[in-house]
Amino acid sequence: MRERRSLASTFAGYFVLIFFALVFLYPFVLQIGNAFKTEPDAARDPLSPIPHPFSTSGYERVFGSTDFPLWLGNSLLVTVVVTVGRVLLDSMAGYALARLRFRGRRALFGAIIAVLAVPGVVLFIPKFLVLNQLGLYNSYTALILPVIADAAGVFIMKQFFESIPVSVEEAARIDGAGVFRTYWSVVLPMARPALLTLTIISFQGTWNEFPHTLVAVQNPELFTLPRGLADLVSGSLGKGTQYPLKLGAAVLATIPVAVIFVIFQRYFVRGANEGVEKG
Amino acid sequence: MFLRRGRGRLDATRETLAGWLFVAPVVLILGLFLLLPILMALWVSLTDWNGQGSPFQSGVPYVGTRNYTRLFTEDGLVREDFMTSVRNNIYYVAIVVPAQTVLALGLAVIVNSRMLKGRTFFRAAFFFPSVTSSVAISVVFLFMFANSGVVSQLLAVFGIDGPQWFSDSRGTLHLLLGGLGLVDPDNPPAALTGGGPFGLSWWEWLSGPSVAMWTIIMLVVWTTSGTFMLMFLAALQDIPVTLEEAAMLDGAGRRQRFRHVTLPLLRPTMFLVLTLGLISTWQVFDQIYVMSQGDPAKTTLTPAYLSYRMAFKNFDYGPGTAISFVLFAIIVVLTVVQRLIMRRRV
């Protein structure tokens with residue numbers, strides 16, 4: 001009796017899991033399938049994941065008739081610079097807040113926690129105002145500088161440095177290494193898991209960033225992938241729905257994060273759960 | 001002794017210097033692009049700046065708190081739009097937050113069950129939508145909910161004639177009330193259309209989310225549940241097995257164990273998920289921008305999108321900025337209330 005019930009519940013469990021796995025993944029299957037269709041085929045039979053006939057014209061037009069290569073270049077540049085900057089600056093600040101004893105440290109940490117609580121959408125217009133006032137609006141600097149350090153990253157790094165033993169650093173300090181030297185050649189190598197988590201969440205966050213680009217630039221030469229994609233959808237393509245093209249561009253924009261997700265899944269999981277400790 | 005003390009003081013000075021050097025870049029960036037902008041925006045929200053030149057030059061008209069009173073007490077288009085956006089967002093929050101929390105908890109409990117294999121795969125599958133770009137995903141949902149698109153054809157399989165999602169501005173609470181025969185949506189009772197708080201009639205307040213808003217609700221529940229599932233999963237894995245076993249020995253059934261052992265232990269995570277959910281649902285923007293731009297008939301307008309549109313499309317920076325501060329206040333109040341409840345109950 002008991003066995004039969006547990007068999008039934010195992011079956012029910014798998015049923016729910018598979019149903020939701022389909023709900024969560026099948027849209028991506030449809031997206032990829034329809035991106036390889038001709039436009040009439042995608043309009044007539046969107047529900048089928050198999051293109052009939054198979055066509056790469058959507059992708060050809062992504063590269064031929066949109067500024068996709070430009071957006072890709074901009075996204076790569078901005079993402080790499082911001083990620084490197086965040087990893088370096090956030091870990092330095094996190095280390096100082098965790099380990100160095102200096103006047104104002106507590107107040108500073110309080111301020112960073114307060115900053116974490118400021119909702120992003122509230123800053124749209126304010127960010128534009130400051131970029132405009134400083135003459136940075138419509139520049140790569142506007143895309144990069146305001147987001148090159150973030151309070152959440154500082155918080156993650158501080159938590160991490162507090163979790164590792166202080167003895168190794170003390171040994172280095174006794175040997176006469178300066179603060180920066182100790183940080184660079186002793187502390188950072190120990191911090192590899194945290195640095196990797198920060199790298200990955202920074203990459204993903206910056207690659208997908210949309211609203212900041214709205215208030216930082218207006219010049220199409222400076223569009224990143226999400227911005228360019230949003231522009232395509234809001235009608236810069238002209239007539240027709242052109243779903244194969246749009247879906248294809250969206251697939252290409254998703255691939256880098258998808259690849260990193262598959263390889264570094266556990267770091268994503270760790271990154272998501274840092275939020276738990278934040279609360 | 002003397003020597004050591006001297007060196008200690010020198011070390012302390014050097015450490016202070018190093019400390020400030022290490023935090024300087026972050027302090028500079030956050031100060032320049034977070035603190036300073038908020039102060040600048042506070043000023044702009046008290047003016048009628050139209051985007052020309054600098055908002056700090058002498059010719060910019062100072063209007064005091066008028067931009068705020070226009071949102072709440074003055075009859076006009078600004079208040080009508082703002083209150084409509086608040087209404088839309090309230091319905092949006094009221095559906096998204098419970099839906100994503102329940103879905104996330106349910107998935108976490110099943111994924112966590114020890115009898116099932118493939119846990120890593122399912123966890124990854126449910127989490128994947130959360131890491132993708134909001135814009136790219138909105139494109140996919142535009143395609144799926146298009147007229148005679150994926151969803152319409154799927155509904156047709158079951159003999160259901162689906163709506164034209166993105167152009168359907170009918171409020172679903174209106175439809176429900178009509179369906180129950182309580183009121184006639186085409187001819188609502190005068191008692192409801194006559195008046196109501198903040199410039200919208202009671203009938204308008206009672207619209208419920210529009211059909212178009214439901215597409216955005218589904219999209220957001222679909223993308224955020226994965227993240228919250230991970231939080232629940234982490235909490236579930238922290239529950240000692242011995243505790244569940246003890247309850248089992250005491251003769252507690254599965255449902256009882258869940259209610260009396262698991263759920264109370266999940267309470268801190270539950271509050272965290274609800275808080276994060278409330279904070280993020282009041283900020284919905286990307287999906288609105290890509291999928292609906294506030295249409296149809298302003299039924300997907302939200303305060304965040306309205307504030308953007310007022311400033312960057314209509315060049316009404318004053319009211320636009322005022323809306324973002326009201327939004328800020330709403331979010332802060334919700335966070336504080338949550339914290340207070342959490343402190344008392346956990």
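**Entry 1: the largest cavity**

I looked up which helices line the largest cavity of this predicted model. Helix H4 (68–99), helix H11 (192–208) and helix H12 (211–216) of chain A each supply at least two lining residues; helices here are DSSP runs (H or I, at least four residues), numbered from the N terminus. H4(A) gives the largest share, three residues. I took a cavity as a set of points, on a 1 Å grid over the protein atoms alone, where a 1.4 Å probe fits but cannot get out, with lining residues having an atom within 4 Å of a point. Grid points are joined across faces, edges and corners, and a volume is the space filled by probe spheres set on the points.

The count is one cavity of 30 Å³ or more, and about 80 Å³ of space lies in the largest cavity. Among its lining residues I noted A:Ser75, A:Val78, A:Trp207, A:Glu209 and A:His212. By class the lining has five nonpolar, six polar and one charged residues. The classes are nonpolar (Ala, Val, Leu, Ile, Met, Phe, Trp, Tyr, Cys and Pro), charged (Asp, Glu, Lys and Arg) and polar (the others, Gly among them).

**Entry 2: conventions**

I recorded that residues are numbered from 1 along each chain as its sequence is written, and that chains are lettered from A and ligands numbered from 1 in the order in which they are written. In this predicted model, local features need pLDDT of at least 70, side-chain atom pairs count only at pLDDT 80 or more, and totals for chains, interfaces and linings use all residues, while side-chain values use heavy atoms, with hydrogens and water left out.

**Entry 3: the second largest pocket**

I then turned to the second largest pocket, which holds about 1400 Å³ of space. A pocket is an open set of points with protein on both sides within 12 Å along at least five of seven lines. Its lining comprises 33 residues, of which B:Ser113, B:Met115, B:Glu244, B:Arg254 and B:Arg257 lie nearest the centre. H1 of chain A gives the most to this lining, with eight residues. The lining divides into 14 nonpolar, ten polar and nine charged residues.

**Entry 4: the interface of chains A and B**

I found 93 residues of chain A and 89 residues of chain B in the contact, where contact means heavy atoms within 4.5 Å. The area buried between the chains is about 8000 Å², with carbon and sulfur atoms giving 80%; buried area is the accessible area (1.4 Å probe) that two parts lose on being put together, summed over both. A:Leu17, A:Phe24 and A:Ile125 supply 9% of the area that chain A buries against chain B, more than any other three residues.

I counted one salt bridge between chain A and chain B, a salt bridge being a side-chain nitrogen of Lys or Arg within 4 Å of a carboxyl oxygen of Asp or Glu. In it the side chains of A:Arg101 and B:Glu15 meet at 3.7 Å, N to O. Helix H1 (residues 2–35) of chain A contributes 17 residues, the largest share of the side of chain A that touches chain B. That side has 67 nonpolar, 17 polar and nine charged residues.

**Entry 5: local features**

I noted a salt bridge of A:Asp41 with A:Arg44, the closest N and O atoms being 3.5 Å apart. These residues are separated by about one helical turn because they are three residues apart in helix H2 (residues 39–44) of chain A.

I also recorded a cis peptide bond joining A:His52 and A:Pro53, with omega about 5 degrees.
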